[in-house]
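Q: Please take a close look at one part of this structure and describe it for a reader who is new to it. A connected account would be welcome.

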Amino acid sequence: PEGTTLERTAAVSKEIAQKVETELGYKNVSVQYNPVDVARLNQLAQENPASGKFILAYGRIDDAVKNFSLLISAYAQSVLPNRGIDLYVLGDGPDVGKLKDLSAKLKMENHIRFLPKTDNPFGYVQAAMFTTLTSRYEGFPMVLVESLALGTPVVSVDCHSGPREIIQHQSNGLLVENQNQEQFTMALNSMIEAPDLYAAMKKNAQVSVAHLFIDIIAKDWKKRLG
């Protein structure tokens with residue numbers, strides 16, 4: 001109800017916290033980010049290593065939410081296929097067939113690989129040149145955090161909510177206007193055509209999410225629960 005004060009109400013992103021306060025009337029809503037266990041991710045990556053020159057998108061293949069169509073179309077227009085850099089789309093969902101058809105329509109069958117869902121995608125995440133996110137909306141997208149924790153920079157749309165709280169533009173990745181295919185294509189190209197920028201973002205990737213490491217978040221929860 002309006003005006004309710006819940007001292008220990010927490011949200012997974014700043015944007016969601018603001019929404020809870022504005023729309024539900026809660027007061028003093030704090031932000032508690034989800035943690036990432038970087039040691040465990042590195043262990044899992046070593047158990048399932050990947051190789052090759054590729055960029056990555058992973059998650060549930062639900063195009064109405066994840067907007068993989070934008071990614072595939074932007075990739076097809078980018079310089080990446082001609083540079084021998086493939087796109088791996090990893091996951092299962094209702095729209096795999098639709099996206100394969102789009103890939104064929106754009107004559108990208110030899111450059112886009114559709115890989116089945118796995119409980120351990122982290123070898124692919126670590127080996128990718130960068131990971132991508134094109135969702136229409138999110139909460140707090142852990143695919144970005146996981147990627148950065150493994151030292152892999154990211155290219156993401158600025159959807160509601162989360163990416164702008166994870167990505168430091170041109171420091172650990174690139175953040176572009178949501179659903180803007182032209183800008184996304186330009187961002188993909190920049191990751192290849194600006195090697196110094198890419199190297200800096202890769203160097204900054206892991207340290208940029210150090211505040212989300214599980215030991216830090218555990219201390220935050222301990223303080224919160226008193």
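A: Asn67 sits in the loop that joins α3 (63-66) to α4; helices (H or I, at least four residues) and strands (E, at least two) are DSSP runs, numbered from the N terminus. This is a predicted model, in which local features need pLDDT of at least 70 and side-chain atom pairs count only at pLDDT 80 or more, while totals for chains, interfaces and linings use all residues. Residues are numbered from 1 along each chain as its sequence is written, and side-chain values use heavy atoms, with hydrogens and water left out.

Although Asn67 is not a glycine, its phi is positive, near 55 degrees. Asn67 counts as buried because its relative accessibility is 6% (buried is under 20% relative accessible area, exposed over 50%, partly exposed in between, with a 1.4 Å probe and protein chains only).

Helix α4 itself covers residues 68-77, and its axis comes within 8 Å of that of helix α9 (residues 181-193), the two crossing at roughly 55 degrees. Axes are lines fitted to C-alpha atoms, for helices over the stretch in contact, with angles from 0 to 180 degrees between N-to-C directions. The angle therefore makes α4 oblique to α9 (under 35 degrees is roughly parallel, over 145 roughly antiparallel, 65 to 115 roughly perpendicular, the rest oblique). The crossing is right-handed, the near helix being turned clockwise from the far one by less than a right angle.

On the α4 side, Leu70, Leu71, Ser73, Ala74, Tyr75 and Gln77 make the contact, and from α9 come Gln181, Phe184, Thr185 and Leu188; contact means heavy atoms within 4.5 Å. Of the residues where α4 meets α9, 6 are nonpolar, 4 are polar and none is charged (Ala, Val, Leu, Ile, Met, Phe, Trp, Tyr, Cys and Pro are nonpolar, Asp, Glu, Lys and Arg charged, the others, Gly among them, polar).

Gln179 is a residue other than glycine with a positive phi, near 65 degrees. At 45% relative accessibility, Gln179 counts as partly exposed, whereas Asn67 counts as buried.

As for confidence, the protein chain has an average pLDDT of 93, and 96% of the residues score at least 70; pLDDT is the predictor's confidence in each residue, from 0 to 100. Over residues 1-6, however, pLDDT stays under 50, and the model has 13 contacts there beyond four places in sequence. Where pLDDT is low, the predicted coordinates should not be read in detail.
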